[in-house]
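Dear colleague,

Please find below the structure that I am handing over to you. My notes on it follow directly after.

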Amino acid sequence: YVFINDKKEMALENAAKVLKQMNDYLVENGISDGLIVCFNDRGDRTDTNKNIQKLGAEIGRDRLGIFPYTWGTSACELNTQKAFINNAYNISQGDGIDLLALACIGFNRIGWYHETKYPLISNEDLGLLLKWIKSDYLPRYSEDSASWKQKFVQFATWNEYGEGHYFYPSNDNGGYDYLDTMAKELSGVSG
């Protein structure tokens, strides 16, 4: 929920008002190029994409984007993750909204449900994924669209230990290996 004028707003019919008020707040505070990013499960739900697109129509496509939460347990596989990204991108484009890049290391709900522990993406494959995102995915957003989308990569997630996807340094992911790979592939910094 979101508080608007000290009143809790929760219903979908209020979502357009919430997005507009967020946008107005940004503009009123001198952030005319502020961004609004909305969540859509895997980015491939047309109903949700279209609702977000309609809700954000007044804001404009250049300032609005969606991101998926995770690519699931098979995100540990490089080619599967690329296929998810391509599929969700194609669906979202058809729905009139832009899917922001998402890099994921995998997904394990072992902390919540004591399920099978699934593998995480290897550091080498994470590097290959980030190279692909930088060289193939991000350039899809032409100069006609907002330049921020050409530079935006969402990571799932920093410290979601209960769901087994985290970039935060730990023994499971080689200490700082993931972070070093992210820095190297996205900014050219090596540690």
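Is Phe167 buried or exposed? In this predicted model, Phe167 is buried, with a relative accessible area of 1%. The ring of Phe167 pairs with that of Phe155: the centres are 5.1 Å apart and the planes stand at 80°, so the pair is edge-to-face. Phe155 belongs to strand S6, whereas Phe167 sits in the loop between S6 and H6, so that the pair links distant parts of the chain, 12 residues apart.

Overall architecture

The chain contains 6 helices and 6 strands, which follow one another in the pattern β-β-α-β-α-β-α-β-α-α-β-α. Of its 191 residues, 41% are buried. Among contacts between residues at least 6 apart in sequence, 68% join residues at least 24 apart. The accessible surface amounts to about 10400 Å², and carbon and sulfur atoms account for 50% of that surface.

In soluble globular proteins, nonpolar side chains tend to be buried together. Here, the largest nonpolar core has 36 residues, of which Ile133, Tyr137 and Phe167 touch the most other members. Elements that give two or more residues to this core include strands S3 (36–39), S4 (64–67), S5 (101–104) and S6 (153–156), as well as helices H3 (78–94), H5 (123–137) and H6 (177–187). The most, 6 residues, come from H5. Beyond its neighbours within four places in sequence, Ile133 is in contact with Ile85, Ala101, Leu102, Ala103, Leu138, Pro139 and Val153.

Aromatic pairs

The count of aromatic pairs is 7. In one of these, the rings of Trp132 and Tyr137 have centres 6.2 Å apart and planes at 35°, so this pair is tilted. Both Trp132 and Tyr137 are buried. Ring pairs also join Tyr89, Trp132, Tyr137 and Tyr141 into a cluster.

Glu185, located in helix H6, is buried yet has no salt bridge. The nearest side chain of opposite charge is that of Lys184, 4.0 Å away. Leaving out residues up to four places away in sequence, Glu185 touches Gly127, Leu130, Lys131 and Lys134.

Arg63 lies in the loop between helix H2 (46–55) and S4. With a relative accessible area of 11%, Arg63 falls under the 20% limit and is therefore buried. Arg63 and Trp148 are 85 residues apart in sequence, while their C-alpha atoms are 8.8 Å apart in space.

With kind regards

Methods:
Residues numbered from 1 in each chain as written. Predicted model: local features only at pLDDT ≥ 70, side-chain atom pairs only at ≥ 80, totals over all residues. Heavy atoms only, no water. Core = buried A, V, L, I, M, F, W, Y, C linked by side-chain atoms within 4.5 Å. Buried < 20%, exposed > 50% of the residue type's maximum accessible area, 1.4 Å probe, protein only. Helix = DSSP H or I, 4+ residues; strand = E, 2+ residues; numbered from the N terminus. Contact = heavy atoms within 4.5 Å. Lys, Arg positive; Asp, Glu negative; His and termini not counted. Areas by Shrake-Rupley, 256 points an atom, 1.4 Å probe, with all protein chains shown as cover. Phe/Tyr/Trp six-rings, centres within 6.5 Å; stacked < 30°, edge-to-face > 60°.
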